Amino acid sequence: FHRTVPMSRAFLREHAKHGKSPPIYRRYSVRYAPGNAEIPTGYGMEWSVLWNEDNAGRTLDQVTALDGPWYFQAWPEPSVSEMKQLKDL
């Protein structure tokens, strides 16, 4: 699974004007890729990289460990610790 963020930068600026943290929407889609798959650097539309440019070039497992649950473990079973982080998003 992966999480997503709002598309509108204007929306995010307006949110920030009122002292609110940027929302992270709970839209999830199934993603089957190994945790050692690396996110490419350079141009891309990967949400975790758009949210934090430091995630470019990291593996999915590294991103999850360093920047929160962007890429949930789905196999061989869901990670209980990652699923608990859902309530904080």
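This is a predicted model: local features need pLDDT of at least 70, side-chain atom pairs count only at pLDDT 80 or more; totals for chains, interfaces and linings use all residues.
I started with helix α1 (residues 9-17), where K17 and E14 sit three residues apart and so are separated by about one helical turn. Helices here are DSSP runs of H or I, at least four residues, numbered from the N terminus.

Residues are numbered from 1 along each chain as its sequence is written, and side-chain values use heavy atoms, with hydrogens and water left out.

Next I checked the K17 and E14 side chains and found a salt bridge, 3.3 Å from N to O. The rule I used is a side-chain nitrogen of Lys or Arg within 4 Å of a carboxyl oxygen of Asp or Glu, and the count by it is one. K17 is exposed at 65% relative accessibility, and E14 is partly exposed at 38%. My cut-offs: buried is under 20% relative accessible area, exposed is over 50%, partly exposed is in between (1.4 Å probe, protein chains only).

Then I moved to α3. L60, V63, T64 and D67 are buried there. They cover an arc of only 105 degrees around the axis, so they lie on the same side of α3; the arc is taken from the directions from the helix axis to the C-beta atoms. A65 and L66, on the other side, are exposed.

Last, I looked up T64, which lies in α3 (residues 60-67) and is buried at 10%. Leaving out residues up to four places away in sequence, T64 touches P69, W70, Y71 and E82 (heavy atoms within 4.5 Å).

Terms used: Helices (H or I, at least four residues) and strands (E, at least two) are DSSP runs, numbered from the N terminus.
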